[in-house]
Amino acid sequence: IVEILYNYFKERGLRVWWNHYCLKSGESWELGICHGLLKSRIFLPIISRNSINSSTNYRNNIAMLTKNSPCDNVMLEYILSLELYERGFIENIYPLFIGDYLLEADDHNYNNINVSDYFKSNCYPIITDKIIV
């Protein structure tokens, strides 16, 4: 879905930064994200099951993170964007919650993207007794 949105905005003349295409060869992810966010007026984080509630990648599962967990890139990106927003570098943040794919999306038919409701399909993590400090 990220690629579909990237193409949709690019085709309409917007400048879009997505690490998949815009991260320079050999550039660290952290540095690239910092540069991308600093050059952005709007941040559109795509929040899906795989980004914060992955069953296969513990670093992308908020419910499994602990105080001693290695740094999570998705969370770093969100924290940095909020900090930049607070300081006036980013004008707006529009989180987009995406459920699971129900059918394959057609890359050029933007009206035919079929995903489940993020909240009704349990894509979000269940955090019951953990407090992350």
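Q: Contact means heavy atoms within 4.5 Å. With that settled, what covers the buried residues of α3?
A: This is a predicted model. In it, the cover over the buried residues of α3 includes α2 (19-22), β1 (42-43) and α5 (73-86).

Q: Which residues of α3 are buried?
A: Helix α3 spans residues 29-38, and its buried residues are Trp29, Gly32, Ile33, Gly36 and Leu37.

Q: Why do they line one face of the helix?
A: Look down the axis of α3: the buried residues fall within an arc of 125°, so they sit along one face.

Q: Back to α5. How are α3 and α5 arranged, roughly parallel or roughly antiparallel?
A: Their axes cross at roughly 30°. Angles under 35 degrees count as roughly parallel, so α3 and α5 are roughly parallel to each other.

Q: How close do the axes of α3 and α5 come?
A: They come within 11 Å.

Q: And the crossing, left-handed or right-handed?
A: Right-handed, as α3 passes α5.

Q: Which residues meet between the two helices?
A: From α3, it's Trp29, Glu30, Ile33, Cys34, Leu37 and Leu38. They meet Asn73, Glu77, Leu80, Ser81 and Leu84 of α5. Two of those α3 residues, Trp29 and Ile33, are among the buried ones of that helix.

Q: Take glutamate 30. Is it buried or partly exposed?
A: Glutamate 30, in helix α3, is partly exposed because its relative accessibility is 41%. Buried would need under 20%, exposed over 50%.

Q: What separates the C-alpha atoms of glutamate 30 and glutamate 77?
A: 8.4 Å, though the two glutamates are 47 residues apart along the chain.

Q: On to tyrosine 85. Where is it?
A: Tyrosine 85 is in helix α5. Its relative accessible area is 38%, so tyrosine 85 is partly exposed.

Q: How far is its C-alpha from that of leucine 37?
A: 10.0 Å separates the C-alpha atoms of tyrosine 85 and leucine 37. Along the chain those residues are 48 apart.

Q: New topic: cysteines. How many disulfides are there in the whole structure?
A: A search of the whole structure gives 0. For reference, a disulfide is a covalent bond between the sulfur atoms of two cysteines.

Q: What about cysteine 22 and its relative accessible area?
A: Cysteine 22 comes in at 25%, so it counts as partly exposed.

Q: And cysteine 34?
A: Partly exposed too, because its relative accessibility is 29%. Cys34 is one of the α3 residues that meet α5.

Q: Now the start of the chain. Which residues of α1 are buried?
A: Helix α1 covers residues 2-11, with Ile4, Leu5 and Tyr6 buried.

Q: What do the buried residues of α1 pack against?
A: They pack against α2, β2 (46-47) and β4 (96-97). Helix α2 is also part of the cover over the buried residues of α3.

Q: What follows α1?
A: Glycine 13, with a positive phi near 85°.

Q: Zoom out. How many helices and strands does the chain have?
A: 5 helices and 4 strands. Along the sequence the pattern reads α-α-α-β-β-α-α-β-β.

Q: And what share of the chain is buried?
A: 29% of its 133 residues.

Q: Last one: of contacts between residues at least 6 apart in sequence, what share join residues at least 24 apart?
A: 55% of those contacts.

Note on methods. Residues are numbered from 1 along each chain as its sequence is written. This is a predicted model: local features need pLDDT of at least 70, side-chain atom pairs count only at pLDDT 80 or more; totals for chains, interfaces and linings use all residues. Side-chain values use heavy atoms; hydrogens and water are left out. Buried means under 20% relative accessible area, exposed over 50%, partly exposed in between (1.4 Å probe, protein chains only). The arc is that of the directions from the helix axis to the C-beta atoms. A disulfide is a pair of cysteine sulfur atoms within 2.5 Å. Axes are lines fitted to C-alpha atoms, for helices over the stretch in contact, and angles run from 0 to 180 degrees between N-to-C directions. Angles under 35 degrees count as roughly parallel, over 145 as roughly antiparallel, 65 to 115 as roughly perpendicular and the rest as oblique. A crossing is left-handed if the near helix is turned anticlockwise from the far one by less than a right angle, and right-handed if clockwise.
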